Amino acid sequence: MRHSVSSSLAPELVGQRRGSEPWSSAPSQSLVDSETWPAAAALVFGALAYRLSSRQLELASELLCWVLLPVVFSIAKPRRHVDKRAEALPLANGLIVETTSGDGRPSAISLWLVAVCIAICSLFRAERGLIVLFPVLAPLLIISYRFLRPSLYPLAVSHLSLFSILSHNIIGASLSAIFAVVALSEWDPLSYAISAIPVIALFIAYTLLTPQTETRSRWLPSFDIETAAWPLSFRVLAILVAILGGEAYVIGLPGINAIGTLSLGTAKALTWYHLSQLARNSSWLTATVANTFSLLATRSPSSQQTDTRALMAVIASLISLGQTLYLLPRRAKGGPGPWALALIPLLPYFANSITIQLAQSSAVVHIEKHPIEVLIRDAKSNFDRLLRNQSDSHSAAYAEYQRRYGFEPPHGFDEWYKFAQSHKSPIIDEFDIISEGIAPFLRLSGREVSDMITRVYEELDHELWSCEMSGQPAKTQCKHHRRQNDRNNVHFFNNITSKIPSSLDLKFLLNHLDEPTVLIPSPFQQASKPRITNLGGQASWEILTKYCSSRRLKVSTERNPIETYGLPFVTNRKSDIDLCEHAEYSKMHGILAAPESLRLIEGLVPVLSSGAPSTMGDFLYPSSAYLEEDRFRYHEEHDIDWDKKQNNLYWAGSTTGGHGYSAKWQNLHRQRFVSLAQNLMTRSFSYLRETNGIISKVVSSFLNSRLYDVAFTSIKQCDPKACQEQRQYFERKTWASGDRPFRSRLVFDLDGNGISGRYYKLLASKSLPLKQTLLREWHDERLVPWVHYVPVSQSMDELPELVKYLTSTESGRKRAREIAEEGRRWFAQAFREIDIVIYMYRLLLELARLQDPDRPAAQVDVG
């Protein structure tokens, strides 16, 4: 049966709603209650739903919502008492016209279309989270009412006010929507474009749920959600079940949080119910701005990047609240009571601001006792001593070599020294990482080393390039069993050797993978045929540390250990990355827990790799990535001065660093870092406080997230279910330019599958690098922690105090700038391309010595 109201009557009724009340002489309390209650309830339950929401629970809770919603309608309908005169309200029952098909039932096409739109929105929230363009829905509906439903477009009011402009005027509503979008997210065109999909879907759904007063649409008639609750729910449920079933088939059954799903599903159902009642009394435009308030009001102020953005979210939520209350029928606008809902955004904002102020005011008073200050002073002293002690003559360098390593330098050492001196190398003696790596191989004769290189390459299950270098200047040629792309390594070596004055004739193996490859047996173990094991995706801790027990224990040379008050500040980097000293590392790093592509070669095999943990024996060379012009080169014109940088810590990247398995990816090093910086877990953070002159560690649940701009841009290297779990768990950003870190004062860098290629770009910049790594690199002896960069432990338990000190205290900001400037200066002095040539020149001389056919095997003490 169709209900109709003359279209000529609708404008008059709208005018009555906005203007004088024709029933002013009659009691109006019931009418006020019936219109104010749905608005307040929609705002409260909407805020609750957003507060409880999570991507992991989204689809299951949406399913439960549409199971409960028709039941809620059925229970509430007989109990709802509406003044009969309210039936004349144009957007209540009186305007629900032409909403059914010819046989009296809602149109199946309209029902399916609304159901699809609802499912699209739910799927988007499950995959992407926040619909940042949601506020734009309000001006879209105003435009739709203006040009497609003129009877629903509010008539001009007799007086102008701020909320009348922001609520009725297309330009005003658009400006308030833009402000809300800016408050919700940073400028991100791709995110905006993707977010347009659910906004369009909601626009279609709300349009079809809006009653028609003009000529009905033949193909897509609108319908009342309450009348069609059951058939609409069946369709939404069918689509959601299909989506969940497809996901279960592809990636397996999702984990279920019963309490979380029940709470969120119930909150959603009650939100939908009260929004529908609000729309009946007013319009879906009012319901939209009410939902916008709920979205903005529940944005955690601690998760905002700046104080300004947190304040913008509060202001935008208050504007949405004012719009909602203004759009209610005039009878419902009595008293200041509804404005009490402004406390929803205001209380968390002020509480967060007070907490930040208290945290900043309770810092250590005696700055000179803070571990960071002590570590910086100690590191500067050690670095000055290192520079003073560099050999200043060939004889001194020769003697120092013998003293350190117990054997003679390689042939050509004198030419190397002259070359290093002529190019003003600041480092002459600090090449332990080469000589200590070479020492175990001296147990083999030169012919045995050459035979080992040939024998290993003839094996099939490896990822090695066989390279030969000869001539003056030396030219390099490399081959691989299967691969053609050598990752620019031949170009790298030819560029290096073109600057070396000596002729070189040698061969070597070059690791193609990011992960290292060589595990050197115990010196007490008889040399045997090398074994190649594919450990990709498998735990490698046991095999990588199995020779720790045969290693000679070294006595600590630290005279006065630095007091860190229970926080794991890095006081000795070499010890910090030593696997044999830290059994707790077994599941804290991807290369130990689940390396993506580790091909382990166990034996005395000389292989060049860009980085390796302490127990592995790869020869370390500067990664060609450091010299790539297009990706990792620093360009000063893209940097900004320190004073113009944001006072926070920045990192963005992908989930490389290990292979993610369902429910096991949480302990991988990159995931642990991002989880900490985004404060995604219920956990405690450690800080230093001073009470009555005594410094001690205190534990707090507070983390000032405004000091961290950290996110994944890509989820990869994981099984399908693990990838989905991470997409739903982490807040992600779209791809960022390689120059984006320069906008922050602190920039984080950590391992991927291997070394981080962006590290040199950060060192060369005007920002301060915070570095966490488990890998040794060629530059370890010339880069001094706390002088050129700030080291971070594997546990990162000290990171909250470290970031707070460097950003939120006067002395910390001063030290951060000093280290950034010193690291930049030293990088320009000791990391020139010629410095890499000097290092490679010495490494190649050692490799040539190793495979000299006339060299006998030697007994060398390798410790």
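**Close-up views of a predicted model**

**View 1. Asparagine 679 sits in the loop between α23 and β10 (685-691).** The model is predicted: local features need pLDDT of at least 70, side-chain atom pairs count only at pLDDT 80 or more, and totals for chains, interfaces and linings use all residues. Residues are numbered from 1 along each chain as its sequence is written, and side-chain values use heavy atoms, with hydrogens and water left out. Helices (H or I, at least four residues) and strands (E, at least two) are DSSP runs, numbered from the N terminus. Most residues other than glycine have a negative phi. Asparagine 679 is not a glycine, yet its phi is positive, about 55°. Asparagine 679 is partly exposed, at a relative accessible area of 27%. Buried means under 20% relative accessible area, exposed means over 50%, and partly exposed lies in between (1.4 Å probe, protein chains only).

**View 2. Glutamine 717 lies in the loop between β12 (708-714) and α24.** Glutamine 717 also has a positive phi of about 55° without being a glycine. Is the residue buried or exposed? Glutamine 717 is buried, with a relative accessible area of 17%.

**View 3. Helix α24 (residues 720-729) is mostly covered.** Seven of its ten residues are buried. They are Ala722, Cys723, Gln724, Glu725, Gln726, Gln728 and Tyr729.

**View 4. A cis peptide bond joins glutamine 472 and proline 473.** Its omega is about -5°. Most peptide bonds are trans. Proline 473 belongs to the loop between β1 (464-471) and β2 (474-479).

**View 5. The loop between α20 (541-544) and α21 (573-576) holds threonine 564.** Threonine 564 counts as buried, at 13% relative accessibility. Contact means heavy atoms within 4.5 Å. Leaving out residues up to four places away in sequence, threonine 564 touches Pro371, Phe569, Thr571 and Leu688. The C-alpha atoms of threonine 564 and glutamate 798 are 9.6 Å apart, although 234 residues separate the two along the chain.

**View 6. Threonine 807 is part of helix α26 (residues 799-808).** The relative accessible area of threonine 807 is 1%, so threonine 807 is buried. Which residues does threonine 807 touch, not counting residues up to four places away in sequence? They are Asn647, Leu707, Leu746 and Arg813.

**View 7. The largest nonpolar core has 147 residues.** A nonpolar core is a set of buried Ala, Val, Leu, Ile, Met, Phe, Trp, Tyr and Cys residues joined through side-chain atoms within 4.5 Å. Phe673, Leu768, Leu770, Leu799 and Leu802 have the most contacts inside this largest core. Helix α28 (residues 833-850) gives the core its largest share, twelve residues. Phenylalanine 673 touches Leu649, Trp651, Val710, Phe748, Leu750, Met796 and Leu799, not counting residues up to four places away in sequence. Another core, of 76 residues, lies apart from the largest one. Among its members are Cys65, Leu184, Ala229 and Leu341.

**View 8. Helices α5 (residues 137-147) and α8 (residues 189-208) pack at an angle of about 40°.** Their axes are 10 Å apart. That angle makes α5 oblique to α8. Axes are lines fitted to C-alpha atoms, for helices over the stretch in contact, and angles run from 0 to 180 degrees between N-to-C directions. Angles under 35 degrees count as roughly parallel, over 145 as roughly antiparallel, 65 to 115 as roughly perpendicular and the rest as oblique. From α5, Leu137, Leu140, Leu141 and Ser144 meet Val199, Leu202, Phe203, Tyr206 and Thr207 in α8. The residues of this contact of α5 with α8 comprise seven nonpolar, two polar and no charged. Ala, Val, Leu, Ile, Met, Phe, Trp, Tyr, Cys and Pro count as nonpolar, Asp, Glu, Lys and Arg as charged, and the others, Gly among them, as polar.

**View 9. The axes of helix α3 (residues 58-76) and α4 cross at roughly 150°.** The axes come within 8 Å. The angle makes α3 roughly antiparallel to α4. Glu58, Leu59, Glu62 and Trp66 in α3 meet Ile118, Ser122, Leu123, Arg125 and Ala126 in α4. By class, the contact of α3 with α4 has five nonpolar, one polar and three charged residues.
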